[in-house]
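Here is a short tour to read alongside the structure.

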Amino acid sequence: MARQLAGQTAIVTGASRGIGRAIVRNLLELGINVVAVARNEYGLERLQEEMRVGKRLLAVACDIRDQLEVERLFEVASDRFGRIEIVVNNAGVGSFAPIEEYDEVMLDEILDTNLKAVFHMCRAAFVHMKRNGGGQVVNIAALLGMETEPFASAYCASKWGVMGLTEALHQEGRPHGIRVAVVAPGTTQTDFAGIPSQQKSQALRPETVAEGVSYLLQQGDDAKMSQLVLR
Ligand code: NAP
């Protein structure tokens, strides 16, 4: 039987645009309260104006690369809504270039955002969910977390890492009632990595990825689905 999610609360990172914004809209439509996270406050203000759901949407500016900021995020979210049942780790960055062009700053930006920050978020989610009787975590990886292509070395390293992290936590969370899964989308119509969405008319729509997240979240208790691949 499909899980009823209305009244639950979700934290969604990377919520201000692209796939994250579509996920926020979808979860709000399912009756879920949403804590929307991004760094830029202007983007979050625009999201709040657009969604028009009043207090069911809390916007929190947070750089998820900073572990202390992530811990504060969970405090602010649970002060407002109490229990957090769902965490969607969607925020990510990308750049594509020959490996010789990567200096340490470029490499750190990708690994810190796409892998280490997801680790911080999962850690904080596990602390909160173990105390509160379980929950669900969905990480957004990419097809480039399962496949490879030239000039994607740093991005592939980060997203293959997210796939491994998710599988390990899928097993670790199960005895505690914490379900951990990953959505791996192919190219999606957003402005990701500085490539305008208009150049990707054949690609997935952000709404399709958001529906994939909701599909995973609504699976019944017996389902042990850990990966959803969208090509
Ligand atoms: P996007 O349009 O560029 O949006 C990225 C979001 O992440 C923004 O809200 C951004 O807001 C936020 N963000 C970035 N760094 C952050 C940080 N350190 N702390 C908090 N928030 C941060 O990207 P998208 O296309 O929607 O991609 C979303 C996810 O899907 C990413 O993980 C990406 O790797 C994955 N994905 C995308 C595609 C694609 O083709 N678009 C394909 C496969 C997988 P601020 O800049 O304000 O922080």
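This is a predicted model: local features need pLDDT of at least 70, side-chain atom pairs count only at pLDDT 80 or more; totals for chains, interfaces and linings use all residues.

## Strands 5 and 6

Strand 5 (residues 135–140) and strand 6 (residues 178–185) run parallel and are joined by six bridges.

Now zoom out. Those two strands belong to an open sheet of seven strands, paired in parallel and ordered 3-2-1-4-5-6-7. Which strands stand at the edges? They are strand 3 (57–61) and strand 7 (227–230); each has a single partner strand, so one of its sides is left without a neighbour in the sheet. From one strand to the next, the twist averages 15 degrees.

## Helices on the sheet

Helix 1 (residues 18–29) lies across strand 1 (9–13), strand 2 (33–38), strand 3, strand 4 (86–89) and strand 5. Its direction is at about 170 degrees to strand 1. Helix 3 (residues 67–81) also packs on the sheet, where it touches strand 1, strand 2, strand 3 and strand 4. The angle between helix 3 and strand 3 is about 160 degrees.

## Around the ligand

Next, turn to the ligand. There are 28 residues around it, and those that come nearest are Ser 16, Arg 39, Asn 90, Tyr 155 and Thr 190. The shell divides into 12 nonpolar, 11 polar and five charged residues. Helix 1 and helix 5 (153–173) each supply at least two residues of this shell.

Which distances might you check on screen? An N or O atom in the side chain of Tyr 155 is 2.7 Å from an oxygen atom of the ligand. For the side chain of Asp 63, an N or O atom is 2.9 Å from a ligand nitrogen atom. Ile 64 uses its backbone instead: an N or O atom there lies 3.2 Å from a nitrogen atom of the ligand. Taken alone, the ligand exposes 890 Å², and the protein buries 95% of that.

Conventions. Residues are numbered from 1 along each chain as its sequence is written. Side-chain values use heavy atoms; hydrogens and water are left out. Two strands pair if DSSP finds at least two bridges between them. Helices (H or I, at least four residues) and strands (E, at least two) are DSSP runs, numbered from the N terminus. Axes are lines fitted to C-alpha atoms, for helices over the stretch in contact, and angles run from 0 to 180 degrees between N-to-C directions. Contact means heavy atoms within 4.5 Å. A residue is near a molecule or strand if one of its heavy atoms lies within 4 Å of it. A polar contact is a pair of N or O atoms within 3.5 Å; within protein, one must be able to donate a hydrogen and the other to accept it, and residues adjacent in sequence count only if both atoms are side-chain atoms. Accessible areas come from the Shrake-Rupley method with a 1.4 Å probe; for residues, only the protein chains shown count as cover. Ala, Val, Leu, Ile, Met, Phe, Trp, Tyr, Cys and Pro count as nonpolar, Asp, Glu, Lys and Arg as charged, and the others, Gly among them, as polar.
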